[in-house]
Amino acid sequence: MQTNKNNYIGRDLKRILCASTLSVGILVGVMILSPLASQFDDDGLSRGAASEYELDSLVEAKEYQSALVRVDSIIADKKSCLPRFAYFDRFLSEQERYDASVARAGIYDLQWKRIEILKAKKDEATLKSALEDYADIIGYNQERAKALLNQIKVERQ
């Protein structure tokens, strides 16, 4: 009788451990991959303005492809020195954390600039894809991105 009771306890303990491990894994995944891991507010970080003048002059000259290449290269440069997930910024030193937050804010602005360039270029397929990604990021352009995405979807119907 005692052995049968120990088997039930052992099985229950295994189930509890498996369920707990799975729950913790899911929670960590949500924390790391969540769009809430990085947020950009108007009052928060200073807005990045890297090469704004150069990008604006390329757009005014209607050199959209050159502007896209330039904005993509700036974004890639800024991303190269950052942890892949914003969640891990908290493990950096204070100065590195500040630099990372400034770089992420700059990337956020540059991604919006990229959307504006795609809109001017009238590249709807790429624009829609960029807007779908951008609308998931919490920030001051999120509502505008969602509205523009809805407008594109309505126009296609």
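These legends go with a set of close-up views of one predicted model.

Residues are numbered from 1 along each chain as its sequence is written. As the model is predicted, local features need pLDDT of at least 70 and side-chain atom pairs count only at pLDDT 80 or more, while totals for chains, interfaces and linings use all residues, and side-chain values use heavy atoms, with hydrogens and water left out.

**View 1**
The protein chain has 6 helices and 0 strands. Of its 157 residues, 29% count as buried; the cut-offs are under 20% relative accessible area for buried, over 50% for exposed, and partly exposed in between, with a 1.4 Å probe and protein chains only. Take the contacts between residues at least 6 apart in sequence, and 62% of them join residues at least 24 apart. Contact means heavy atoms within 4.5 Å.

**View 2. Helix α2 against helix α3.**
Here α2 (residues 52-60) and α3 (residues 64-80) have axes that come within 8 Å and cross at roughly 160°. The axes are lines fitted to C-alpha atoms, for helices over the stretch in contact, and angles run from 0 to 180 degrees between N-to-C directions. The pair is therefore roughly antiparallel; in this scheme angles under 35 degrees are roughly parallel, over 145 roughly antiparallel, 65 to 115 roughly perpendicular, and the rest oblique. The crossing is left-handed, a label used if the near helix is turned anticlockwise from the far one by less than a right angle, with clockwise giving right-handed. On the α2 side, look for Glu-54, Leu-55, Leu-58 and Val-59; they meet Tyr-64, Ser-66, Ala-67, Arg-70 and Val-71 of α3. Sorted by class, that contact has 6 nonpolar, 1 polar and 2 charged residues. Nonpolar covers Ala, Val, Leu, Ile, Met, Phe, Trp, Tyr, Cys and Pro, charged covers Asp, Glu, Lys and Arg, and polar takes the others, Gly among them.

**View 3. Helix α3 against helix α4.**
These two pack at about 160°, with their axes 10 Å apart. That makes α3 roughly antiparallel to α4, and the crossing is left-handed. From α3 the contact includes Tyr-64, Leu-68, Val-71 and Ile-75, while the α4 side includes Ala-103, Gly-106, Ile-107 and Leu-110. The tally for the contact of α3 with α4 is 12 nonpolar, 3 polar and 5 charged residues.

**View 4. Ile-107, in helix α4 (residues 94-121).**
Ile-107 has 6% relative accessibility, so it counts as buried. Leaving out residues up to four places away in sequence, Ile-107 touches Ile-75, Lys-78, Lys-79 and Leu-82. Ala-76 is 31 residues from Ile-107 in sequence, yet their C-alpha atoms are 8.9 Å apart.

**View 5. Two buried aspartates, Asp-89 and Asp-109.**
Asp-89 sits in the loop between α3 and α4 and counts as buried because its relative accessibility is 8%. Its side chain makes a polar contact with the side chain of Arg-104 at 2.7 Å. A polar contact is a pair of N or O atoms within 3.5 Å; within protein one must be able to donate a hydrogen and the other to accept it, and residues adjacent in sequence count only if both atoms are side-chain atoms. Beyond its neighbours within four places in sequence, Asp-89 is in contact with Pro-83, Arg-97, Ala-100 and Arg-104. Asp-109 lies in helix α4 and is buried, with a relative accessible area of 7%. The partner for the Asp-109 side chain is the side chain of Tyr-140, in a polar contact at 2.3 Å.

**View 6. Helix α5 against helix α6.**
The axes of α5 (residues 124-134) and α6 (residues 142-156) come within 9 Å and cross at roughly 140°. That makes α5 oblique to α6, and α5 passes α6 in a left-handed crossing. Residues of α5 in the contact include Leu-127, Lys-128 and Leu-131, and those of α6 include Leu-148, Leu-149 and Ile-152. By class, this contact has 8 nonpolar, no polar and 5 charged residues.

**View 7. Two loop lysines, Lys-62 and Lys-122.**
Lys-62 is in the loop between α2 and α3 and has a positive phi of about 60° although it is not a glycine. At 60% relative accessibility, Lys-62 counts as exposed. Lys-122, in the loop between α4 and α5, has a positive phi of about 65°, and it isn't a glycine either. Lys-122 is exposed, with a relative accessible area of 70%.

Methods. Helix = DSSP H or I, 4+ residues; strand = E, 2+ residues; numbered from the N terminus.
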